[in-house]
Amino acid sequence: MTVVAGPDLPDTQGHFGVYGGRFVPETLMHPLLELEAEYFKAQQDAEFQQQLDYYLREFCGRPTPLYLAERLTRELGGARVYLKREDLLHTGAHKINNAMGQILLARRMGKRRIIAETGAGQHGVATATVAAMFGFECVIYMGAVDCERQALNVYRMKMLGAEVVPVRAGQQTLKEAVNEAMRDWVTNVRGTHYILGTVYGAHPYPVMVRNFQRIIGDEARRQVLELEKRLPDLLIACVGGGSNAIGLFYPFLDDASVKMLGVEAGGEGILPGKHAARFQGGSLGVLQGTRSYLLQDEHGQVQLTHSVSAGLDYAAVGPEHAWLRDRQRVEYGYATDDQAVAAFMRLAKTEGIIPALESAHALAAAIERVPCMHPDQVVIVNLSGRGDKDVAQVAARVALETHRSG
Ligand SMILES: *Cc1c(COP(=O)(O)O)cnc(C)c1O
């Protein structure tokens, strides 16, 4: 069997095997086809790529370091652990890579009104940031419940000049915010671009966002070859929609010796409604424009999900991940809330780096795997974001535990 996991995918209709595609109402077909045509033109355009490189470097802070975590490596006593420091980017996470790519595309298409949806607010902040930078109008849809939970990010977006619209339908969280953003897009499509934040939704979003995020893996590949004179043995990344993970993995897919582990949110354990690990108890379905793995009941109703980390708390996963899992090119595991919080504390104390709770899921998996590896081996963990946003939540949780055990 060839290991080639398809850097040539998706096909022209956006399919990764049986996954992906474009499941949208007729009214959205036109904007998606227009976006697809413009995106692939831009991708071939050297001037567009130069502009993107320029802003990623001068505004966002690329390249990010590939940092050897010396004390963590010593403590774990197995492979050498490197951290890809996406947490050092402007706005504190990898999401700005994609937001920057898409706003340059919007500018090229002559669209000066930007919309987006956000759950925890991280993608909303990245989008509001690039919109402010280019002087574009910006509207962010956010579930009313999420607005309350993430009040600080709502303030950030407003300071950056964005209008934040609380969505009061259904569960009043991310899923409803996506529906509202799609409705806006249909109505205002002529002058509006919809910046989707992960490798999800209808074609061309999954392929486009992957290509904007692959810079993580392209850099990491160069850096590890320079530092270690060889390829890594294992890559680890957390998987919400899957953009930071595919961004790291993609440039290594053809390197058969490089193993890959995607880590989903195990929440309070693998019981209905208690987690967001789509590959544990999920099944094939269609949600918000694409076919992939999702958490649904026997009637096809989308299940409730839970994770300590808002950025991983979504019922479906990007279609390319479902395909890579079927091909057994990438392994998918999960970390529970407790494991992620423990990893969060551990990295802070051993390395002086406070990671995002999302990234802490990847670290939890590293803490489990690395001690069983050989000291000559090399692991790269994608540190997708910084944890300032999570400090209050972790503090409250730890206080509660101390109270309980005291
Ligand atoms: C949003 C977010 C994630 C999850 O999104 P992916 O598309 O799966 O990468 C992970 N880490 C951080 C820091 C985030 O903000």
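Strand 5 (residues 113-118) and strand 8 run parallel and are joined by three bridges. The model is predicted.

- The open sheet consists of four strands in the order 7-6-5-8, with parallel pairing.
- Strand 7 (163-167) and strand 8 (192-194) are the edge strands, each pairing on one side only.
- From one strand to the next, the twist averages 25°.

**Helix on the sheet**
- Helix 5 (residues 122-134) lies across strand 5 and strand 6 (137-143).
- Relative to strand 5, helix 5 runs at about 165°.

**Largest nonpolar core**
- The largest nonpolar core has 61 residues.
- The residues with the most contacts inside this core are M100, I103, L105, M157, W185, Y194 and Y205.
- Helix 4 (residues 95-108) supplies the largest share of the core, seven residues.
- The core lies between domain 1 (15-57 + 94-209) and domain 2 (61-92 + 214-405), because both domains give residues to it.

**Second core**
- A separate core of 35 residues has L83, I236, C238 and A366 among its members.

**Contacts of M157**
- Apart from neighbours within four places in sequence, M157 is in contact with T118, G121, G124, V125, A128, I140, M142, A162 and V164.

Terms used: Residues numbered from 1 in each chain as written. Predicted model: local features only at pLDDT ≥ 70, side-chain atom pairs only at ≥ 80, totals over all residues. Heavy atoms only, no water. Core = buried A, V, L, I, M, F, W, Y, C linked by side-chain atoms within 4.5 Å. Buried < 20%, exposed > 50% of the residue type's maximum accessible area, 1.4 Å probe, protein only. Helix = DSSP H or I, 4+ residues; strand = E, 2+ residues; numbered from the N terminus. Domains from an automatic or database assignment. Contact = heavy atoms within 4.5 Å. Pairing = 2+ DSSP bridges. Axes fitted to C-alpha atoms, helices over the stretch in contact; angles between N-to-C directions.
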